[in-house]
Amino acid sequence: MIPRAHKMGKRTIGLLYYLYGPGTHEEHIDPHLVAAWDSLAPDPGRDPNATYGDLQRLLDQPVEALPKRDRPAEHVWHLSVRAAPEDPILTDEQWGEIARRMVAATGIAPVDDPAGCRWAAVRHADDHIHIIATIVREDGRQARRHFEGKRSQAEARQIEIDYGLRRLNTGDGTAAQRPTSAERHKANRHKRERTPREELREVVRRAVAGAEGEGEFFDRLRASGVLVRQRVAPSGDLLGYTVALSDDRNKGGEPIFYSGSKLAPDLSLPRIRERWSGDHDASQYSEDSSGLAPSGPASARRQAATAAWQAVLVINHGDDAQVAAHVAAAGEVLDALAKTSAAHTRRELRDAAFAFERASRSHIRAERGHDRALRQAARDLVQSGPALGRSEDGATTAMLIDMVFFLVVAAANWHGKHQHAQQAAAAREAAEHLRAAYQLAAVQPMGALQHRGQRMAQPRRLKQAAYLRQAVPELAEQILAEPGWYALAATLADAEAAGHEPAALLAEAAARRELDTAGSISDVLVWRLRRMADLPADTSTQPLADGDSAAQSPSGTAVRSIAWQDQHRKSR
């Protein structure tokens with residue numbers, strides 16, 4: 001259940017006309033009162049003898065009783081209360097009781113206070129009500145409405161419990177501003193998937209992902225096609241910015257601009273500058289020891305996978321200020337990955353980044369600089385350009401998604417430990433989109449590895465199974481039963497051919513982090529081993545080793561491929 005306090009107004013009659021009227025899109029059905037300060041209050045919706053003016057005059061009486069100089073400039077209070085789509089349809093009596101609880105919780109009409117404000121609750125749809133009130137009490141004083149937003153949210157959480165409704169997560173005031181109902185209706189009219197506010201938030205987040213300064217940030221914004229205005233002080237200093245979609249205009253035909261802070265709290269220019277402030281002396285914090293610029297999308301994805309893995313260790317063991325910085329930077333990696341992904345994974349990765357946006361902020365202040373490796377990874381992903389769906393680009397995309405999945409799960413666990421309910425839920429939602437993206441990205445490279453493992457000579461495969469039992473005896477039988485075992489066997493053979501000790505490498509890969517969140521342990525170990533041993537991610541053109549079968553039953557290969565995909569649809 002979501003209560004939303006609207007802007008204060010000046011005209012009671014104007015709001016009544018809207019609440020009882022047909023609505024902007026004829027969406028209001030049977031408007032009527034479900035509760036009011038007085039059980040005898042007129043209801044213009046159901047009583048043919050009652051008028052809007054009758055109800056307006058009664059609501060405004062305490063205001064009109066004051067001398068004009070003492071009347072508040074804006075005296076009309078408006079709160080909407082909306083149930084979740086999956087909630088049962090409540091009766092008028094239930095909505096009336098909810099309205100009474102809301103006006104009591106917000107200070108409009110406290111319980112057992114005969115001098116409370118006058119109010120009325122109007123229902124014109126199955127799933128929500130609107131409460132209108134005038135803020136002057138019967139005794140001439142104004143209502144005490146301090147922290148009314150938090151108090152209405154707290155009451156909504158209790159109402160959810162009492163009525164058995166969907167329980168929403170408690171917020172902490174760091175969420176981005178929701179689109180207004182007018183913005184949502186406008187987006188629907190123009191057949192937009194998201195509102196302009198949400199589209200612009202995504203554009204700005206992608207522009208800032210890995211950017212090294214203001215010049216690059218604004219160049220990226222302009223290159224994305226949005227309109228950009230900069231707010232400059234008389235001294236010439238840049239104070240802020242606003243952005244607009246070229247086709248989102250008001251009634252006068254002018255573009256509708258949003259400031260960065262109206263898109264999200266961390267997208268104001270001062271907050272964006274905090275990210276760059278940590279970059280100047282970041283060499284002491286950098287965890288990327290290679291120091292080499294990526295040569296292309298595949299190289300950028302490998303380096304990003306390494307940075308993601310190291311960030312998981314920080315989130316699991318670092319102090320909160322450092323963890324907050326890494327969680328925020330993880331959002332930049334997701335934004336960059338979504339921006340540069342191939343078409344078949346783009347939707348799921350975009351949805352993952354969109355969901356994780358809420359998880360990237362909390363009241364724990366980030367200590368910038370420690371997140372340099374992740375921010376550099378985001379920059380390298382953008383700079384290296386779009387990845388192809390197949391070959392090494394596509395395979396390293398699967399590798400990176402696998403690593404980022406664990407990074408996002410670690411962020412969800414950290415938020416959960418700190419009682420950040422909304423952020424933890426957002427991170428878990430992002431993880432589910434990453435699962436789906438992985439399934440799409442991994443089909444070709446894992447299929448190629450699995451095919452090679454199936455064609456491996458039986459003695460060689462038994463040898464790899466022996467390495468597995470030596471390295472992880474407690475997991476060996478589970479892994480051997482997974483469809484991905486053949487891909488892991490091929491990877492262990494590749495590692496041995498490259499001069500590594502397979503059992504030791506496998507033990508190290510398994511010990512670096514628990515595997516209980518993995519849908520397929522063999523898949524996770526494949527990507528860890530191929531990253532640690534610097535093995536090619538795409539093996540579709542790799543020749544067979546001596547003694548391996550050069551032919552394979554087409555039906556057998558198809559069955560294994562189908563089994564691998566089915567397993568991941570269910571579990572990963």
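Contact here means heavy atoms within 4.5 Å. Helices (H or I, at least four residues) and strands (E, at least two) are DSSP runs, numbered from the N terminus. With that settled, Ala395, Ala398, Met399, Asp402, Met403 and Phe406 in H14 meet Val524, Trp527, Arg528, Arg530 and Arg531 in H20. These contact residues divide into 7 nonpolar, no polar and 4 charged; Ala, Val, Leu, Ile, Met, Phe, Trp, Tyr, Cys and Pro count as nonpolar, Asp, Glu, Lys and Arg as charged, and the others, Gly among them, as polar.

A quick word on the model: it is predicted, local features need pLDDT of at least 70, side-chain atom pairs count only at pLDDT 80 or more, and totals for chains, interfaces and linings use all residues. Residues are numbered from 1 along each chain as its sequence is written, and side-chain values use heavy atoms, with hydrogens and water left out.

Back to the helix pair. The axes of H14 (residues 391-417) and H20 (residues 521-532) come within 10 Å and cross at roughly 110°. That makes H14 roughly perpendicular to H20 (65 to 115 degrees counts as roughly perpendicular). The axes are lines fitted to C-alpha atoms over the stretch in contact, with angles from 0 to 180 degrees between N-to-C directions. The crossing of H14 and H20 is left-handed, meaning the near helix is turned anticlockwise from the far one by less than a right angle.

Now for the charges. The structure holds 47 salt bridges, each a side-chain nitrogen of Lys or Arg within 4 Å of a carboxyl oxygen of Asp or Glu. Here are three of them.

| Salt bridge | N to O distance |
|---|---|
| Arginine 192 and glutamate 199 | 3.2 Å |
| Aspartate 247 and arginine 192 | 2.7 Å |
| Glutamate 202 and arginine 350 | 2.8 Å |

Aspartate 247, in the loop between S7 (238-244) and S8 (258-259), and arginine 192, in the loop between H5 (181-189) and H6 (196-208), are 55 residues apart. Arginine 192 is buried at 19% relative accessible area, whereas aspartate 247 is exposed at 53% (buried is under 20%, exposed over 50%, partly exposed in between, with a 1.4 Å probe and protein chains only).

Glutamate 202 in H6 and arginine 350 in H12 (residues 343-356) are 148 residues apart. Glutamate 202 is buried at 14%, and arginine 350 is partly exposed at 21%. Both belong to a salt-bridge network that also links Glu193, Arg194, Arg206, Arg347 and Asp351.

Definitions and conventions. Angles under 35 degrees count as roughly parallel, over 145 as roughly antiparallel, 65 to 115 as roughly perpendicular and the rest as oblique.
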